[in-house]
Structure formats: C-alpha cells, structure tokens
Amino acid sequence: IDINELFKASNRVDVKLRQIRDVNNWDDFVHSMKVVAKEIQHVSEMAIARQKELKNSTAKQLLVAAYVDLTQYNRMLITSTKAFLQHPEDESAIENRDYIITRMSEVLKTIAQLADGEDPEDIQREQFDEMEEDDDDDLSFYQYSSSPIVQPTSHLYTVSHQHVSYPIHPP
C-alpha cells in the first residue's frame, strides 16, 4: 500500500469535512457528502489493506476500530447535518454536527498514524491525554469496553471481541 496516497486521501477527506461546516442547504450537503463518501471509501480500502500488512496486533485492532468509527461517524454526520439544516438556529444542532466532524478528523489522524507505523500504545496514550485536557469532555459520560487490549480512546466507542460500547453523551 502507498502510505503517501493514504495520507493524501485522508487530507482530502479532512478538507471536505471542514467545508461541510459551511454548507447551509441540503443540495450542497448532498453534493459534498457524495465526495466525502467516495473519499472515505478510498481511505477505508487503503486502511484495510494496510491493516493486513501490520504485524502488531494492537495496531491492527486500533485500525479496525478506526475504520468502524469512520463508518459510523459518516452516518452520524448525515443525521446531525440534516438536523442542523432543519434547525440552523439551534446551538445543539451546530454542536452535534461540529462534534462529529471533529471526531472524524481525529479518526483520520489515527488511521494515518497507524499506517505510518507509529506505536499504537503511544497513539492511545496521546488520545487519552488529549481527551483529559479537553474541558468540554466529561469522562464520566463515557462507558468503554473492558478489553485489556483496546484502551479508552477519543473515539465514541471501541471495538473488542465483537462488542461495541457507545457513550452516554449529554444532549
């Protein structure tokens, strides 16, 4: 797998996600999402190919979790943006959409770091430290799986042993 192509594709998705923040009508959103969906599919295919090349089992699991996160966030982005477009004056609709976009950007960063061969334990530690530093996130709202391998990350959920745990996120 060409790591540089994976980085470029991740960057293209990240740029398009930022552009979605500026969308203010359904037609523009649908057009933007078609582009994002195509790029996400490309990133996902490369991530899966890279996952097969990795030797570290923790890195493989994190990459799979990131892939699942990206897929789920893509669906959530559609829902949150639809709510925003229907209620643009609603602060929670704006916050939800922006939250999903931020999380998608973090997942893309994780995929790029893992594909580049960074130590998965360092990546997890960095994510957890960032989550602790973020004053807006209250860790008491999160429930994580008890997997000894996949530790809590900044993702909305973690994957382990065919189990997905979702956070209890404040409205």
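The following legends describe close-up views of a predicted model.

**Figure 1. Overall composition of the chain.**
The chain contains five helices and two strands. Their order along the sequence is α-α-α-α-α-β-β. Of the 171 residues in the chain, 42% are buried. Contacts between residues at least 6 apart in sequence include 66% that join residues at least 24 apart.

**Figure 2. The largest nonpolar core.**
This core comprises 35 residues. Within the core, the residues with the most contacts are Leu17, Ile20, Val43, Leu70, Leu77, Met104 and Ile111. Helices α1 (3-20), α2, α3 (57-86) and α4 each supply at least two residues of the core. Helix α4 gives the most, with 10 residues.

**Figure 3. Packing of helix α2 against helix α4.**
Helix α2 spans residues 26-53 and helix α4 spans residues 91-115. The two helices pack at an angle of about 35°, and their axes are 10 Å apart. The crossing of α2 past α4 is left-handed. On the α2 side, the contact is made by Ile40, Val43, Ala47 and Arg50. On the α4 side, Met104, Leu108, Ile111, Leu114 and Ala115 make the contact. Classified by residue type, the contact of α2 with α4 has eight nonpolar residues, no polar residues and one charged residue.

Val43 is located in helix α2. Val43 counts as buried because its relative accessibility is 0%, below the 20% cut-off. The C-alpha atoms of Val43 and Asn11 are 9.9 Å apart in space, while the two residues are 32 residues apart in sequence.

**Figure 4. Ser10 in helix α1.**
Ser10 is placed in helix α1. With a relative accessibility of 4%, Ser10 counts as buried. When residues up to four places away in sequence are not counted, Ser10 touches Val43 and Leu108.

Ile20 lies in helix α1. Ile20 is buried because its relative accessible area is 0%. Neighbours within four places in sequence are left aside for the contacts of this residue. Ile20 is in contact with Phe29, Ser32, Met33, Val36, Leu77, Thr81, Arg97 and Ile101. Ile20 and Met33 are 13 residues apart in sequence, and their C-alpha atoms are 8.0 Å apart in space. Both Ile20 and its partner Leu77 are among the residues with the most contacts inside the largest nonpolar core.

**Figure 5. Contacts of Leu17.**
With residues up to four places away in sequence not counted, Leu17 touches Val36, Leu77, Ile101, Met104, Ser105 and Leu108. Among these partners, Leu77 and Met104 are listed, together with Leu17, as residues with the most contacts inside the largest nonpolar core.

Conventions. Residues numbered from 1 in each chain as written. Predicted model: local features only at pLDDT ≥ 70, side-chain atom pairs only at ≥ 80, totals over all residues. Heavy atoms only, no water. Axes fitted to C-alpha atoms, helices over the stretch in contact; angles between N-to-C directions. Helix = DSSP H or I, 4+ residues; strand = E, 2+ residues; numbered from the N terminus. Left-handed = near helix turned anticlockwise from the far one by under 90°. Contact = heavy atoms within 4.5 Å. Nonpolar A, V, L, I, M, F, W, Y, C, P; charged D, E, K, R; others polar. Buried < 20%, exposed > 50% of the residue type's maximum accessible area, 1.4 Å probe, protein only. Core = buried A, V, L, I, M, F, W, Y, C linked by side-chain atoms within 4.5 Å.
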